[in-house]
Amino acid sequence: MIRIRNLKKVYRRGDEEVVACDVTALDVERGEHVAIVGKSGLGKTTLLNIVSGIVRPTSGEVRVADVDVGSLGEAKRDRFRGEHIGIVFQTFNLLVPFTALENVLLGAVFAGGADATVRDRAVRLLGRVGLGDRIDHYPNQMSVGQVQRVALCRALINGPDLILADEPLGNQDRETGAEALRVLREIAEEEKRTVVMVTHDPASAELMHRTIDLSELRTAS
Amino acid sequence: MKLVSISLRNLRVRALSSALTTVSIAIGTLLLSALWLLLDETEAQYQYGAQGYGAIVGPKEGSPMDLVLNTVYSLGLSQGHVPFRVYRELHDGEGQIEGTSRRINMMYVIPQARGDTYKQFHIVGTTDEMFSQFFYKGESRDPSTHQHLDLREGRYFTFGHEQFVEFADEYARKRASGEAEDEDHDHDHDHSHGSHSHGDTIHFGPENEAVIGYQVAHDLGLRIGDPITPTHGSADDPGAHVHMESACQVVGILERTGMPVDRMIYIPISTFLSMEGHDAIRDTESQTADSVGLSAIICRGRRYNDNQNLRWAFQGRRDAQAAVAHWEVTRILEIVGNATRVLDVTSWLVLVVAAVSVLVALYNTMNERRREIAIMRSLGARRSQILTIVVAEATLIAFGGALLGIVGCHLSVFGLAGWVADTTGVLLDWTAFSMREVWLILFVTALGGIAGVLPAIKGARTEVAANLGPIS
């Protein structure tokens, strides 16, 4: 599903070059659930941004579902992301002016439209995560756990091949976070989705099929 | 859910800012559409309202434009008097007019005496030829097409040319013998001519009858049989006094014409001239009927050239002047047109400033919306979709403002129609919509869309990764 070779993302800060991400080789199979761990500053979020096409790599090859994401133009990367990738952010990033249902539908709107079928799927997904009676609630009317589950549903609405989750448990208590993660894994298993999750939490990482320490993928200097 | 739903929601979230920019667009649209409506109606009504008035003969004092404005639109004051002999010359002279060797053929010659009001409406003393001869629509050569002042209700008063001639002779005779002054002094006691009251009941004299225009009846709620008490001058004048002795009874209500006629009250000219204080003969040397003073004489030549020839004929005379109504109206509209060009430019500027305010308001929100836009981009929104959302916001504001402006314009016209009619003589129809308003809405909407492009570009260029949240 994911194939990365000799990936580097370098930012310039004045005359200084800062390496934000450095991965020699990384492969993730279709349907595999992988946890990415490592110290802060290793570029875990940058890696997810590159895989999702939000950021272009400075060098190296990044293929997702056999598409060379790095070589795509911006509009194509946006479209590709909308159609093939679902993202769960650390801060969940729901849009406050929109209800839970509308937040879930937003992902579909940009991918081509949220018709009645998509709406039904959104309602089903929200029901599945226990928010059937909260679909018209706004993010500020929900608990952190509920917001997290809405974010999960939004990532799943377009039936993505790949789900990228950046510290999806946020600052929640372990029990609530574990429950959300269980739901994510359950749906991903059922629908044969690939999951790549960045986490600091060893217990969450253990729930995945495989754990990769990003520091071990860096080019030897 | 569509992109436009996102735009609408964004406008709702920034309700105050959206409302203020919408109002600014609405004000610009209102000004422009109100100006257009006023101009259209003014032009139409000044052109239309002067039909029927071929040439107007009036006092030598004042300009031809004053004469037309006063006679046709009841604007300004009557500038003086035109002697009765001119009326007799025009009416009975069989086309022979002093000052020209050409024969001038008249279709009608109708006298008018003005200067009194009832509430906000002008009273005009005239003969019944105003109803039987005067027409405001139709071909001169084809009587079947003539559109006269039809009755909606009641009847006309009867006071014709011959009666007027008799009245003038009698008036002059009484004046010469001093009886007229005695009558004036004894008005409160002598009710042989005019009306008098016993308690709450007013008894009207045979000539104290009034035929009123549609607007007069409508605005004052007057019906057949109701009394009208003329006020000398305007009701607002501090020195104005009410002619209780000359109260007239409404005997007829005219059909609506859409002309200034709708705002007139017609009474027999004898009644008007006989009112206390109406000194019909001002000429101290001559006390004959010829010196009885009139405010104006409405004429209509059989051919258009007759009206022009009448004007030339009076150019060298010292007792009166003649104005061709159509010429003066054209001049009035030229003057109005020049003045309104300034207003037109100002209104366009207001609209452009309003569009700029949309641009500034949206542009300023782009900074606070960076995260929101970054999230949408991360969900797969292309730059073009962000562009569409922001441009749609500006377009919706402009469309809402334009609609509000047009509605506001018509409501303003509804509220101000009476004042405009009193001050300009133009009767505004608040229900009159034009295709130009549809084009204005479309134009303003497009202008708003254009104003939204710059903020939209800024929004679409939002850096995604940097605005999503902390990088670990």
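Among contacts in chain B between residues at least 6 apart in sequence, what percentage join residues at least 24 apart? The figure is 77%. Please keep in mind that this is a predicted model.

I will stay with chain B for a moment. The chain has 472 residues, and 52% of them are buried. Its secondary structure consists of 16 helices and 17 strands. The accessible surface of chain B is about 21,200 Å², with 56% of that belonging to carbon and sulfur atoms.

Now to the place where chain B meets chain A. On the chain A side, 32 residues take part in the contact, and on the chain B side, 26 residues do. Together the two chains bury about 2,700 Å² between them. Carbon and sulfur atoms account for 59% of that buried area.

One salt bridge pairs A:Asp78 with B:Arg377, where the closest N and O atoms are 2.9 Å apart.

Which parts of chain B touch chain A? Four helices of chain B each supply at least two residues to that side: H1 (3–13), H12 (370–378), H13 (383–424) and H16 (464–468). Of these, H12(B) gives the most, with 6 residues. Sorted by class, the side of chain B that touches chain A holds 14 nonpolar, 8 charged and 4 polar residues.

That is the end of my part.

Notes
Residues are numbered from 1 along each chain as its sequence is written. Chains are lettered from A and ligands numbered from 1 in the order in which they are written. This is a predicted model: local features need pLDDT of at least 70, side-chain atom pairs count only at pLDDT 80 or more; totals for chains, interfaces and linings use all residues. Side-chain values use heavy atoms; hydrogens and water are left out. Contact means heavy atoms within 4.5 Å. Buried area is the accessible area (1.4 Å probe) that two parts lose on being put together, summed over both. A salt bridge is a side-chain nitrogen of Lys or Arg within 4 Å of a carboxyl oxygen of Asp or Glu. Ala, Val, Leu, Ile, Met, Phe, Trp, Tyr, Cys and Pro count as nonpolar, Asp, Glu, Lys and Arg as charged, and the others, Gly among them, as polar. Buried means under 20% relative accessible area, exposed over 50%, partly exposed in between (1.4 Å probe, protein chains only). Accessible areas come from the Shrake-Rupley method with a 1.4 Å probe; for residues, only the protein chains shown count as cover.
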